[in-house]
Amino acid sequence: MFIPADGNTQTTGGTIAQGRYQVEVPPGLMKVSISAPKVVGKKKIYDTPDSPEMSVTQEAVPARFNEQTELTLQVIEGKNEKDFDLPRE
């Protein structure tokens, strides 16, 4: 996700597939949030024996790259290219 640092433009986002992404982002300074939830289990939706189950997920990327992001990008008019190399922790 690209979140405007000044809060004046729209937040935009997209999907990362095979290490690539493509998103239309308005110009300006953006906070960048990268998230990768992974399924770690299942739980029943209702407290009944025949309840359907839902996936339980856990964030695979450290909070400093999403909820408490330290990443920023100055977006200018036209095509911008930026790779975010996240360290493995």
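Visitor: Hi! What kind of model is this, and how are residues numbered?
Guide: It's a predicted model, where local features need pLDDT of at least 70, side-chain atom pairs count only at pLDDT 80 or more, and totals for chains, interfaces and linings use all residues. Residues are numbered from 1 along each chain as its sequence is written, and side-chain values use heavy atoms, with hydrogens and water left out.

Visitor: OK, strands. How do E1 and E2 run, and how many bridges join them?
Guide: They run antiparallel, with 3 bridges joining E1 to E2. Strands (E, at least two residues) and helices (H or I, at least four) are DSSP runs numbered from the N terminus, and two strands pair if DSSP finds at least two bridges between them. Take Ile3: its bridge partner in E2 is Lys31.

Visitor: And what does E2 do with E5?
Guide: E2 pairs with E5 (residues 71-75) in the antiparallel sense, over 5 bridges. Gly28 has Val75 as its bridge partner in E5, and Lys31 stands opposite Thr72 in E5.

Visitor: Which residues are in the largest nonpolar core?
Guide: There are 10: Phe2, Met30, Val32, Ile34, Val61, Phe65, Leu71, Leu73, Val75 and Phe84. E2 and E5 are the elements that give two or more residues to this core, and E5 gives the most, with 3 residues. By nonpolar core I mean a set of buried Ala, Val, Leu, Ile, Met, Phe, Trp, Tyr and Cys residues joined through side-chain atoms within 4.5 Å.

Visitor: Pick Leu73. What does Leu73 touch?
Guide: Leaving out residues up to four places away in sequence, Leu73 touches Phe2, Gly28, Leu29, Met30, Val32, Lys82 and Phe84. Contact means heavy atoms within 4.5 Å.

Visitor: New topic: rings. How many aromatic pairs does a search of the whole structure find?
Guide: The search finds 2. In one, the ring centres of Phe2 and Tyr21 are 6.1 Å apart and the planes are at 35 degrees, so that pair is tilted. Phe2 sits in strand E1 and Tyr21 in the loop between E1 and E2, 19 residues apart, so the pair links distant parts of the chain.

Visitor: What are the cut-offs for pairing rings?
Guide: Rings of Phe, Tyr and Trp (its six-membered ring) pair if their centres lie within 6.5 Å; planes under 30 degrees apart count as stacked, over 60 as edge-to-face and the rest as tilted.

Visitor: Are Phe2 and Tyr21 buried or partly exposed?
Guide: Phe2 is buried, with a relative accessible area of 6%, while Tyr21 is partly exposed at 34%. Tyr21 also pairs with Phe84: the centres are 6.5 Å apart and the planes at 35 degrees, so this pair is tilted. Those two are 63 residues apart, with Phe84 in the segment after E5. Phe2, Tyr21 and Phe84 form one aromatic cluster.

Visitor: What lies over the face of Phe84?
Guide: Lys82 does, at 5.5 Å from the ring centre. A charge sits over a ring if NZ of Lys or CZ of Arg is within 6 Å of the ring centre and within 35 degrees of the ring normal.

Visitor: Now the loops. Where is Ser51?
Guide: Ser51 is in the loop between strand E3 (37-44) and strand E4 (53-59). Ser51 counts as buried because its relative accessible area is 9%.

Visitor: Which backbone nitrogens lie by a polar atom of the Ser51 side chain?
Guide: The backbone nitrogen of Ile45 is 3.2 Å from a polar atom of that side chain, and for Tyr46 the distance is 2.8 Å.

Visitor: And Thr12, where does Thr12 lie?
Guide: Thr12 lies in the loop between strand E1 (2-4) and strand E2 (28-32). At 15% relative accessibility, Thr12 is buried too. Among the residues Thr12 touches are Met1, Phe2 and Val23.

Technical notes
Buried < 20%, exposed > 50% of the residue type's maximum accessible area, 1.4 Å probe, protein only. Polar contact = N/O pair within 3.5 Å; in protein donor to acceptor, adjacent residues only side chain to side chain.
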